[in-house]
Amino acid sequence: MLSFLGFGRSPKKVTIEGVETPIESDGKETILTAALKAGVRYPNNCRVGGCGACKCRLVSGKVKELTESAYILTAEELKAGYILGCQAVPKTDVVVHVDHIDAGAPAHPLVTTGGTISGRRALTHDIVELTVTLDEPMKYTAGQFAALSVPGVIDQARSYSFATAPQADGNRTVVFYVRAVPGGQMSNWLQGDAALNHRVQVEGPYGEFYLRDSGAQIFAMAGGSGLAPVKALLEQALNDKLNRPVVLVFGARTQKDLYCLDDFAALKAKWNADFIFIPVLSHEPEGSDWQGARGFVTGFIEKRIDPQAQVYMCGPPPMIDAAIAELERFSFRANNIFFDKFLDQSHTAAAGKGAASP
Ligand SMILES: Cc1cc2nc3c(=O)[nH]c(=O)nc-3n(C[C@H](O)[C@H](O)[C@H](O)COP(=O)(O)OP(=O)(O)OC[C@H]3O[C@@H](n4cnc5c(N)ncnc54)[C@H](O)[C@@H]3O)c2cc1C
Ligand code: FES
């Protein structure tokens, strides 16, 4: 009866205005998932209803919304019928309009595969490197992320960015850096002994954080585990023999929060242009043996940035918000700013507004 009325879990047709590829949702998946599975470059970022990147206007049809979108969309957008593609499951055939599709964004096929956590290594007191051996390879572009779940243990997936450049084998193994979030379910489970050799599910790739074509300076900023996608991006640029100048500012609290310093020293040694790497500590005790920079990442923007630079940022939402405010202060061009906020459930309800990579 329900499916007779169009509300069952039968496949639904999703028409994205201006996109010729026919799309079908299986009745359970969101508009975003259906679009990515069909290889459509549908804008997406956090995947959890926290950033607004996937917003689209519902032209016709009905959807079930998985989370409250009113926090992210403005009153005008809600009135105009905007919804979040990552949170909307079609209940009937639907037609949607997406305001802007980035023609240069990665469009790898969305893969859902099992995998095994085959390696785990502590990088700091609260960040681990996880290696996952996948049952099926997953193509991705440096900067993108995957949704990881632990079937039967933690079924709701969390997003983790790939920490290395894609490998020539199409990525049979993938690497993530995971920081333990206080009170966080997945990130703490992944740090525990039970995680090693455990089966997981990995779906991806997601996201539109990727290195755009240009000869301009790469001005990168990272905080905490936000270093992972930035490292992948720079490794990919090295593999591609790019010779763009780089300034990378890595924000941490104290020396015990620093990691991958040798990896960046090696990248710098091989880089074909200027490569300035600035680890900066915000809470290092006065009088310690630290000889490097102190303060916040934002303190280095105006001093080091080239006006034509492209800015790439990843990490905690407050760091990115502060950096954007600083860039706005001297009228830096917004369309040269790209970022991934590492939103979690404490942010997705209210704080993700504006988080999408433009
Ligand atoms: C695009 C993207 C890429 C990311 N990449 C990485 C990465 O490479 N590395 C990485 O470490 N992290 C990354 N993250 C963050 C990651 O996805 C997880 O959010 C993070 O690991 C926390 O997950 P958790 O299960 O441990 O915490 P959760 O259990 O989800 O909880 C997170 C916090 O929210 C609080 N909380 C839980 N439920 C609620 C609620 N209902 N209301 C209010 N507060 C609540 C918890 O107490 C905790 O403090 C990324 C996020 C995004 C969006
Ligand atoms: S991708 Fe949908 S709100 Fe972020």
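How do the residues of the shell around ligand 1 divide into nonpolar, polar and charged? The views below take up this point after a note on the model.

This is a predicted model, in which local features need pLDDT of at least 70, side-chain atom pairs count only at pLDDT 80 or more, and totals for chains, interfaces and linings use all residues. Residues are numbered from 1 along each chain as its sequence is written, while chains are lettered from A and ligands numbered from 1 in the order in which they are written.

**View 1. The shell around ligand 1.** Its residues divide into 12 nonpolar, 11 polar and 4 charged (Ala, Val, Leu, Ile, Met, Phe, Trp, Tyr, Cys and Pro count as nonpolar, Asp, Glu, Lys and Arg as charged, the others, Gly among them, as polar). Of the 27 residues around the ligand (C-beta atom, placed from the backbone, within 6 Å), Gly183, Gly184, Met186, Ser187 and Asp344 come nearest. Strands E11 (154–161) and E12 (173–179) and helices H3 (185–191) and H8 (345–348) each give two or more residues to this shell; helices (H or I, at least four residues) and strands (E, at least two) are DSSP runs, numbered from the N terminus.

View 2. With parallel pairing (at least two DSSP bridges between two strands), the order is E17-E16-E15-E14-E18-E19, and the edge strands, E17 (293–294) and E19 (337–341), each pair on one side only. Strand E15 (residues 246–252) runs parallel to strand E16 (residues 275–281) and is joined to E16 by 7 bridges, with Leu248 opposite Phe277 in E16.

**View 3. Confidence along the chain.** The average pLDDT (the predictor's confidence in each residue, from 0 to 100) is 92, and 94% of the residues score at least 70.
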